[in-house]
Amino acid sequence: MALTLEKSLSQFSLLRFISSCHNSPHLFLAYASARRQLSTAGEAREEGDEEVPTEGISRPLSVILRQLNKKVPESVIRVRHQDGFPVKYIPWHVVNRILNLHVPEWSGELRSITYSPDGKTVSVVYRVTLHGTDAEISRESTGTASVDDKGIGDPVQIAEAMAFRRACARFGLGLHLYHEDMS
């Protein structure tokens with residue numbers, strides 16, 4: 001009984017830590033680690049123990065949007081040079097992780113892939129939907145890549161990543177990067 005009570009208190013402490021991490025995007029990596037520990041602790045449960053919810057932590061959209069509008073840590077921001085100018089961006093996989101942590105019930109959909117008439121570029125439309133406890137909201141955006149682009153991945157992947165990041169920026173995630181001066 002003491003072991004079960006100790007384990008429950010430990011899981012309760014982890015849940016409190018996880019919920020406090022939602023208040024600061026700077027702690028999202030710590031949140032992931034704590035969530036992983038809680039998952040592992042849940043797997044070690046004995047039969048008959050109460051299940052601790054680790055998924056489906058949904059909140060009202062106003063809370064979700066407030067979290068997504070916070071500045072992201074400088075450590076996750078990358079810089080690329082485009083037309084001779086530095087451009088800050090957040091890699092798509094980091095944006096994906098931030099959504100997974102703050103909005104576990106989000107969904108994404110590749111809406112269209114269109115090649116230009118001359119075949120030199122490809123454009124993608126991507127939709128991201130956030131599901132809150134009170135409503136759901138969607139945003140779409142486009143991304144375009146040159147077919148001759150020698151970046152990582154094929155042109156459709158590059159355009160999709162761009163469209164995904166831009167759709168998320170429409171919710172406020174990383175939007176501050178579009179307004180910063182690169183001096």
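Trainee: Why is Glu74 called exposed?

Mentor: In this predicted model, the relative accessible area of Glu74 is 51%, and exposed means over 50%, buried under 20%, and partly exposed in between, with a 1.4 Å probe and protein chains only, so Glu74 counts as exposed. Residues are numbered from 1 along each chain as its sequence is written, and side-chain values use heavy atoms, with hydrogens and water left out. Because the model is predicted, local features need pLDDT of at least 70 and side-chain atom pairs count only at pLDDT 80 or more, while totals for chains, interfaces and linings use all residues.

Trainee: What makes the contact of Glu74 and Lys88 a salt bridge?

Mentor: The N to O distance between their side chains is 4.0 Å, and a salt bridge is a side-chain nitrogen of Lys or Arg within 4 Å of a carboxyl oxygen of Asp or Glu, so the pair qualifies. The two residues lie 14 residues apart, with Glu74 in the loop between α3 (61-68) and β1 (78-82) and Lys88 in strand β2 (residues 85-89); helices (H or I) are DSSP runs of at least four residues and strands (E) of at least two, numbered from the N terminus. Lys88, with a relative accessible area of 22%, is partly exposed.

Trainee: How do you know that Glu140 and Arg127 form a salt bridge?

Mentor: Their closest N and O atoms are 2.7 Å apart, which means that the pair meets the distance rule. This pair links distant parts of the chain, since Glu140 belongs to strand β5 (residues 136-146) and Arg127 to strand β4 (residues 121-131), 13 residues apart. Glu140 has 29% relative accessible area and Arg127 has 24%, so both values fall in the partly exposed range.

Trainee: Which residues are linked with Glu140 and Arg127 in a network of salt bridges?

Mentor: Glu109 and Arg111 join them in that network, and the closest N and O atoms of Glu109 and Arg111 are 3.3 Å apart. Glu109, at 37% relative accessibility, is partly exposed, as is Arg111 at 40%.
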